[in-house]
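Grab your viewer and work through the exercises below. Each one has a task and then a solution in steps.

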Amino acid sequence: MSLHSTLQPYADAWTHSIEAISELLQPLAEAEWNRRTPCPGWSVRDVASHVIGLDCEMLGDPRPIHSLPRDLFHVTNEHQRYMEMQVDVRRHHTAPEMTSELEYVIIRRNRQLRNESRDPGTKVRGPLGRDLTLEEAMRRHAFDVWVHEQDLRTALGRPGNLDSPGALVARDVLLGELPRVVAEGAQAPRSSAIVFDVHGPVEFLRTIRVDIQGRGTLETAPALGPAATLTLDWETYVRLACGRVTPESVSDRLKTEGDPDLTRAILDHFTVTQ
């Protein structure tokens, strides 16, 4: 195995999630591919198409030449238009076509990972032509595929893997966004601390401290007398952060303490995916 050690966790997380997705999709009847998922505007088929498209782009395949319909209500910005292309081009594919393409892509990606010898800092082409490092590309990819595995599990009534390798990558990705959510999005008061207490299959207690310049930092040390505390379970945290639910719809699974205006502002800016 020539894969760099810092990239191995992301490869392992992707492998675990993509194999789970394949297992979920293989037995589905044609009608089940049309089930609605928590991902806005996307069915089971659409999520599977997106996952296939993500891996095709990791492989360096050319993007499809395709014109999107003008009436896709969930497509509101350029990033969403970019992501929709791989989805819409497969909207009329049959179940056998979908599962066959997924299996072929998995075989090709496994071969690519076995032969991957590039340095983690190597620049690669990301969505919308943005350059990013190979490490960040693999990290984001592992995160995306795990989140979409969860979308499929919700749609199909097959919960699981909330503590898988992909879940741990997702935890780190989402925690990395918290300082921006609190300091920039919610405009938390300077020299304040906000605590997030998350329980369930993945547990953590984290503090976001906002300094005198208004910059947020993530800390593991608990805060005495925080301006606000948010307590919730891991699954709800993920679904909120990924825009799958609204704070109002999960209010029974969410406990807030402290400044109500601040907690409202944090929840209003909690979604960090597009």
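**Exercise 1: The second largest cavity**

Task: find the helix that gives the most to the lining of the second largest cavity.

Solution. α6 comes out on top here, giving four residues to the lining of the second largest cavity. Keep in mind that you're working on a predicted model.

- Step 1: get the volume. The second largest cavity comes to about 40 Å³.
- Step 2: L174, E177, L178, V181, Y237, A241, F270 and V272 line the second largest cavity.
- Step 3: sort by class. The lining of the second largest cavity has seven nonpolar residues, no polar ones and one charged one.

**Exercise 2: The largest cavity**

Task: work out which residues line the largest cavity and how they divide by class.

Solution. Rolling a probe the size of a water molecule over the atoms shows where empty space is left.

- Step 1: count. The structure has two cavities of 30 Å³ or more.
- Step 2: size up the largest cavity, which has a volume of about 110 Å³.
- Step 3: collect its lining, made up of P38, V147, Q150, D151, T154, L162, E235, V238, R239, C242 and R244.
- Step 4: assign elements. Two or more residues of that lining come from each of α5 (134-156) and α7 (234-241), and α5 gives the most, with four residues.
- Step 5: split by class. You get five nonpolar, two polar and four charged residues in the lining of the largest cavity.

**Exercise 3: The largest pocket**

Task: describe the largest pocket by its volume, its lining and the element with the largest share of that lining.

Solution. 

- Step 1: the volume of the largest pocket is about 1,200 Å³.
- Step 2: 49 residues line the largest pocket, and L54, H79, M83, P127 and D144 lie nearest its centre.
- Step 3: the elements giving two or more residues to this lining are α2 (44-58), α3 (78-88), α4 (95-114), β1 (123-125) and α5.
- Step 4: α5 has the largest share of the pocket lining, with 10 residues.
- Step 5: by class, the pocket lining divides into 20 nonpolar, 16 polar and 13 charged residues.

**Exercise 4: The whole chain**

Solution. 

- Step 1: The C-alpha trace spans about 55 × 40 × 35 Å along its principal axes.
- Step 2: look at burial. Of the 274 residues, 49% are buried.
- Step 3: check the contacts. Among those with a separation of 6 or more, 64% are between residues 24 or more positions apart.
- Step 4: finish with the surface. The chain has about 13,400 Å² of accessible surface, and 50% of that belongs to carbon and sulfur atoms.

**Exercise 5: Backbone angles**

Task: say where N161 and Q187 sit, and whether Q187 is buried or exposed.

Solution. Most residues other than glycine have a negative phi.

- Step 1: N161 has a positive phi, near 60 degrees, and lies in the loop between α5 and α6.
- Step 2: Q187 also has a positive phi, about 55 degrees, and its place is the loop between α6 and β3 (192-199).
- Step 3: Q187 has a relative accessible area of 59%, so Q187 is exposed, the cut-off being over 50%.

Terms used:
Residues are numbered from 1 along each chain as its sequence is written. This is a predicted model: local features need pLDDT of at least 70, side-chain atom pairs count only at pLDDT 80 or more; totals for chains, interfaces and linings use all residues. Side-chain values use heavy atoms; hydrogens and water are left out. On a 1 Å grid over the protein atoms alone, a cavity is a set of points where a 1.4 Å probe fits but cannot get out, and a pocket is an open set with protein on both sides within 12 Å along at least five of seven lines; lining residues have an atom within 4 Å of a point. Grid points are joined across faces, edges and corners, and a volume is the space filled by probe spheres set on the points. Ala, Val, Leu, Ile, Met, Phe, Trp, Tyr, Cys and Pro count as nonpolar, Asp, Glu, Lys and Arg as charged, and the others, Gly among them, as polar. Buried means under 20% relative accessible area, exposed over 50%, partly exposed in between (1.4 Å probe, protein chains only). Contact means heavy atoms within 4.5 Å. Accessible areas come from the Shrake-Rupley method with a 1.4 Å probe; for residues, only the protein chains shown count as cover.
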